[in-house]
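Please keep the model in view while reading.

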Amino acid sequence: MFRYPNGKPYEPKEQIKPKKQQDITYSNRGMTLEEDLNETNTYYLENKLAVIHKKPTPVQIVHVDYPRRSAAVIKEAYFKQSSTTDYNGVYRGKYIDFEAKETKNKTSFPLQNFHAHQIDHMKNVVDQGGISFVILSAFDTCYYLEARHLFTFWNRQESGGRKSISLNELNEYGHKIALGYQPRIDYLKIIDKLYF
């Protein structure tokens with residue numbers, strides 16, 4: 001029972017009903033996966049755990065329209081080169097390089113979400129002793145999938161096989177990442193378990 005400073009008991013005018021706890025899902029997240037990863041990486045940096053940054057996409061601006069001084073509008077631009085992966089940095093002395101992808105597909109994760117130059121880049125990172133992986137938002141869950149497993153699925157597709165990763169395969173080869181408060185998507189826990 002709560003009491004006011006004068007000793008009179010507090011009686012609420014209406015009963016406060018506890019809110020029903022909602023299940024946290026990754027469905028319909030759009031840019032939120034990227035935002036959550038950026039927030040996670042900021043947390044890692046501020047707490048001196050890791051230095052991981054989103055790589056900017058190299059763009060060549062060709063034409064800018066200046067209707068007025070404070071409102072410049074880019075009218076024409078081109079990618080300077082093919083992008084590699086979304087994020088890179090250093091954790092515990094190891095180079096980290098990863099891609100973040102998502103799908104709304106309910107039955108499998110399409111490999112068409114990846115590009116050959118991204119796969120080649122990840123292979124180069126692994127060949128040099130770096131840690132490369134993908135974070136996938138699929139089936140209302142967030143997964144950490146090591147690059148070596150992605151290479152297996154990619155090679156299968158290149159050989160005329162299945163062009164996607166099934167839910168069963170993600171559950172077998174991937175590692176589920178629970179959504180948290182700080183950090184939002186704690187993928188370093190999985191790296192610790194796999195590499196250290």
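Predicted model: local features only at pLDDT ≥ 70, side-chain atom pairs only at ≥ 80, totals over all residues.

Residues are numbered from 1 along each chain as its sequence is written, and side-chain values use heavy atoms, with hydrogens and water left out.

Of the 196 residues in the chain, 37% are buried. Buried here means under 20% relative accessible area, exposed means over 50%, and partly exposed lies in between, as computed with a 1.4 Å probe on protein chains only. Among contacts with a separation of 6 or more, 61% involve residues 24 or more positions apart, a contact being heavy atoms within 4.5 Å.

Two packed helices are described by the angle between their axes and the distance between the axes. Helix α2 (residues 116-127) packs against helix α3 (residues 147-158) at an angle of about 140°, and their axes are 10 Å apart. The axes are lines fitted to C-alpha atoms, for helices over the stretch in contact, and angles run from 0 to 180 degrees between N-to-C directions. Helices α2 and α3 are therefore oblique to each other: angles under 35 degrees count as roughly parallel, over 145 as roughly antiparallel, 65 to 115 as roughly perpendicular, and the rest as oblique. The crossing of α2 and α3 is left-handed, which is to say that the near helix is turned anticlockwise from the far one by less than a right angle.

Which residues in α2 and α3 meet? From α2 come A116, I119, M122, K123 and V126, and from α3 come A147, L150, F151, W154 and N155. By class, this contact has 8 nonpolar residues, 1 polar and 1 charged; Ala, Val, Leu, Ile, Met, Phe, Trp, Tyr, Cys and Pro count as nonpolar, Asp, Glu, Lys and Arg as charged, and the others, Gly among them, as polar.

Helix α2 also holds H121, which is buried at a relative accessible area of 19%. Beyond its neighbours within four places in sequence, H121 is in contact with K55, T84, T85 and D97.

Two of these partners, D97 and K55, meet through their side chains in a salt bridge (3.4 Å, N to O). Such a bridge is a side-chain nitrogen of Lys or Arg within 4 Å of a carboxyl oxygen of Asp or Glu. The pair links distant parts of the chain, with D97 in strand β5 (residues 94-102) and K55 in the loop between β1 and β2 (59-65), 42 residues apart. D97 is buried at 0% relative accessibility, and K55 is buried at 19%.

By this rule the chain has 8 salt bridges. Another joins K54 to D86, with the closest N and O atoms 3.9 Å apart. K54 lies in strand β1 (residues 51-54) and D86 in the loop between β3 (73-79) and β4 (87-91), so the pair ties together parts 32 residues apart in sequence. K54 is partly exposed at 30% relative accessible area, whereas D86 is buried at 18%.

In the salt bridge of R156 with E169, the closest N and O atoms are 2.5 Å apart. This pair links helix α3, which holds R156, to helix α4 (residues 167-173), which holds E169, across 13 residues. R156 is partly exposed at 26% relative accessibility, while E169 is buried at 15%. Finally, salt bridges that share partners join D36, E39 and R184 into one network.

Conventions:
Helix = DSSP H or I, 4+ residues; strand = E, 2+ residues; numbered from the N terminus.
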